Amino acid sequence: MLQVYPVLCRAGYMDNYAYIIVDETTKTAAVIDPSEAAPVIDKCTEQNITPQFILNTHHHFDHVDGNLELKEKYAARIVCNVADAGRIIGADICLTPGEIFNLGRARAEIIDVSAHTIGHILYYFKNDKILFTGDTLFNLCVGGIFEGTPEQMFAALNKIKALPDDVLFYPGHEYTSGGAMFAFQYNHGNDDIKNYLDRARRRLAEGLPVAPVTLGWAKKNVATRILKPQR
């Protein structure tokens, strides 16, 4: 079983999510997209976790800035797409899309979704029904295109759409408020989105993450307009 601990980074500015994940059977742990090191270290200390790996979805600074400090502190190995090996400093394990990455007994399929950036990947833990989407899919909107094409983004989203509805996905940013307007326009303000936003406001007021939701929910409610968020 995979345990997930969301960590909000750059709060109030870019609102990145890093994730600490732990294979409960072996206690093998990793950090996904550490935007900054300090809040990740605080959560690791609180939960008595020592991450052995740092998993990056893509090379943007707000997803890798904590890499080297965490690598030095925990002797963790940095994992990325082989296509990003020259753009992520300190990369140790370079994966090819289609490969399986083993985190203890948890297995992540590496899925290429080049569009937001060329070489952007997803980590799909099929047996645990968990997906980490980086900057390709957010709570209520999809990611902006910085290096790819609209056609590549369409193909990337169709790869996600093909995954089972009961998969929980964890995005790279807290973009609920930004995506809400477009989701309402697309879905005419349906009750699912209203209820979701009510829950989101309560959780954010308590300093809690809004994610995850299921892909089935996202397929029904996420606005299809491609946004270009700040990075």
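Buried here means under 20% relative accessible area. The model I am showing is predicted.

Start with Cys 9. Its relative accessible area is 0%, so Cys 9 is buried. Cys 141 is buried too, at 2% relative accessibility.

How many disulfides does the structure hold? It holds zero. A disulfide is a covalent bond between the sulfur atoms of two cysteines. For Cys 9, the closest cysteine sulfur belongs to Cys 44 and lies 11 Å away, which is too far for a bond. For Cys 141, the closest cysteine sulfur is that of Cys 9, at 19 Å, again too far for a bond. The cut-off for a disulfide is 2.5 Å between the sulfurs.

Now the sheet. Six strands make up an open sheet, ordered E7-E8-E9-E10-E11-E12, with mixed pairing. E7 and E12, the latter at residues 213-214, stand at the edges with a single partner strand each, so one side of each has no neighbour in the sheet.

Let me stay with E7, residues 100-103. Which residues of E7 are on its covered face? They are Phe 101 and Leu 103, while Ile 100 and Asn 102 make up the uncovered face.

E7 pairs with E8, residues 106-112, in the antiparallel sense, and four bridges join the two. Within that pairing, Phe 101 stands opposite Ala 108, and Asn 102 has Arg 107 as its bridge partner. The hairpin of E7 and E8 has two residues between the strands, and in it Gly 104 takes a positive phi near 60 degrees.

Terms used
Residues numbered from 1 in each chain as written. Predicted model: local features only at pLDDT ≥ 70, side-chain atom pairs only at ≥ 80, totals over all residues. Heavy atoms only, no water. Buried < 20%, exposed > 50% of the residue type's maximum accessible area, 1.4 Å probe, protein only. Pairing = 2+ DSSP bridges.
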